Amino acid sequence: MDHEAEAHRTDLMTITRYVLNEQSRHQESRGDFTILLSHIVLGCKFVCSAVNKAGLAKLIGLAGETNVQGEEQKKLDVLSNEVFVKALISSGRTCILVSEEDEEATFVDPSLRGKYCVVFDPLDGSSNIDCGVSIGTIFGVYMVKDKDNVTLDEVLQPGKNMLAAGYCMYGSSCTLVLSTGSGVNGFTLDPSLGEFILTHPDIKIPKKGKIYSVNEGNAKNWDGPTTKYVEKCKFPKDGDSPKSLRYIGSMVADVHRTLLYGGIFLYPADKKSPNGKLRVLYEVFPMSFLMEQAGGQAFTGKQRALDLVPTKIHQRSPIFLGSYDEVEEIKALYAAEENTA
Ligand code: AFP
């Protein structure tokens with residue numbers, strides 16, 4: 001019997017235990033972040049369960065449709081948003097919420113206010129729901145200076161000011177990946193315990209990768225550097241093997257694979273969408289934060305993604321993120337183009 005492995009199996013590091021351990025390293029900490037995170041985790045567990053039951057419970061459908069009982073059905077993304085908004089407000093630790101589902105930011109009632117702002121996409125990849133492909137929740141956390149005097153500027157901050165970021169992927173297993181600014185850790189939901197257990201400690205993205213991930217259907221409208229990079233992935237001139245293409249169309253799933261196996265995920269600008277498609281606050285920033293924390297890079301085509309200062313809550317940006325060396329290549333192609341302009 002492998003006693004060491006056995007000891008490991010019986011000494012479970014849950015996400016709450018992990019964050020409490022982290023908290024104990026900061027004497028000034030009063031446990032507010034642990035409480036906030038436990039509410040985010042609750043939202044993830046609820047959405048995971050709803051996603052798993054979606055077909056059975058007839059949760060899939062258009063918002064506003066009625067089911068056979070004549071009750072109004074809620075589309076999964078609408079339901080997920082409601083669950084997260086309520087969980088975050090009831091934590092008593094938030095003051096501003098920005099959700100992909102809501103046009104305006106939510107300012108929490110002063111009586112329930114705490115010091116954190118949470119930006120999130122409650123159910124990213126929702127066009128994949130109906131065919132059972134992996135989808136996820138993405139979130140980022142900022143801290144305000146004065147919770148009694150908050151303005152929208154508190155969330156219009158560069159991503160490098162985030163305190164924590166993460167995502168939860170609802171796939172063949174439910175995996176929550178989190179960074180509080182000192183590395184990246186992955187936790188998998190054990191459905192029998194109802195607990196997220198540390199299964200991927202200290203994730204580091206491989207420095208180079210053999211996979212590229214992009215919607216090639218947009219290729220005819222790409223700019224020069226993106227076209228050159230993808231051409232090189234397919235027809236390398238330096239004797240390397242061509243890279244494999246993997247594209248799910250769910251950012252959480254594509255980024256999760258990139259984080260674990262290495263490679264690059266790109267959603268570039270194109271002639272039709274000069275700002276790309278993905279949203280800065282709750283897609284680009286949290287994923288860029290995680291990539292950097294895991295040793296990779298994230299670039300917008302112009303600058304380090306985490307240096308971008310958003311001016312609108314639902315702003316979009318092109319994004320190239322993944323293994324350090326792959327993003328380095330993209331940066332060199334953009335720099336070369338600028339020099340010839
Ligand atoms: P949906 O939520 O509409 O499915 O969009 C998903 C997403 O925001 C992101 O998760 C994907 O990476 C990206 O869009 C896919 O976009 P394309 O369908 O244009 O490739």
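Predicted model: local features only at pLDDT ≥ 70, side-chain atom pairs only at ≥ 80, totals over all residues.
**Exercise 1.** What is the orientation of helix 6 relative to helix 7, and which residues meet?

Solution. 
1. Helix 6 covers residues 251-261 and helix 7 covers residues 280-293; their axes are 11 Å apart, at an angle of about 15°.
2. Angles under 35 degrees count as roughly parallel, and helix 6 and helix 7 are therefore roughly parallel to each other.
3. The crossing of helix 6 past helix 7 is right-handed.
4. From helix 6, Met-251, Val-252, Val-255, Thr-258 and Leu-259 meet Glu-283, Met-287, Leu-290 and Met-291 of helix 7.
5. By class, this contact of helix 6 with helix 7 has seven nonpolar residues, one polar and one charged.

**Exercise 2.** Which residues are closest to the ligand? Where do Met-251 and Glu-283 place N or O atoms relative to the ligand?

Solution. 
1. The ligand is surrounded by 14 residues, the closest being Asp-124, Ser-127, Tyr-247, Met-251 and Tyr-267.
2. Met-251 has a backbone N or O atom 2.7 Å from a ligand oxygen atom.
3. For Glu-283, a side-chain N or O atom is 3.2 Å from an oxygen atom of the ligand.
4. Met-251 and Glu-283 also belong to the contact of helix 6 with helix 7.

**Exercise 3.** How is helix 5 oriented relative to helix 8?

Solution. 
1. Helix 5 (residues 224-234) and helix 8 (residues 324-340) have axes that come within 9 Å and cross at roughly 140°.
2. This angle makes helix 5 oblique to helix 8.
3. Helix 5 passes helix 8 in a right-handed crossing.
4. Residues of the contact include Lys-228 and Lys-232 of helix 5, and Glu-326, Glu-329 and Glu-337 of helix 8.
5. The classes in this contact are five nonpolar, two polar and five charged.

Terms used: Residues numbered from 1 in each chain as written. Heavy atoms only, no water. Axes fitted to C-alpha atoms, helices over the stretch in contact; angles between N-to-C directions. Helix = DSSP H or I, 4+ residues; strand = E, 2+ residues; numbered from the N terminus. Parallel < 35°, antiparallel > 145°, perpendicular 65-115°, else oblique. Left-handed = near helix turned anticlockwise from the far one by under 90°. Contact = heavy atoms within 4.5 Å. Nonpolar A, V, L, I, M, F, W, Y, C, P; charged D, E, K, R; others polar. Near = heavy atom within 4 Å. Polar contact = N/O pair within 3.5 Å; in protein donor to acceptor, adjacent residues only side chain to side chain.
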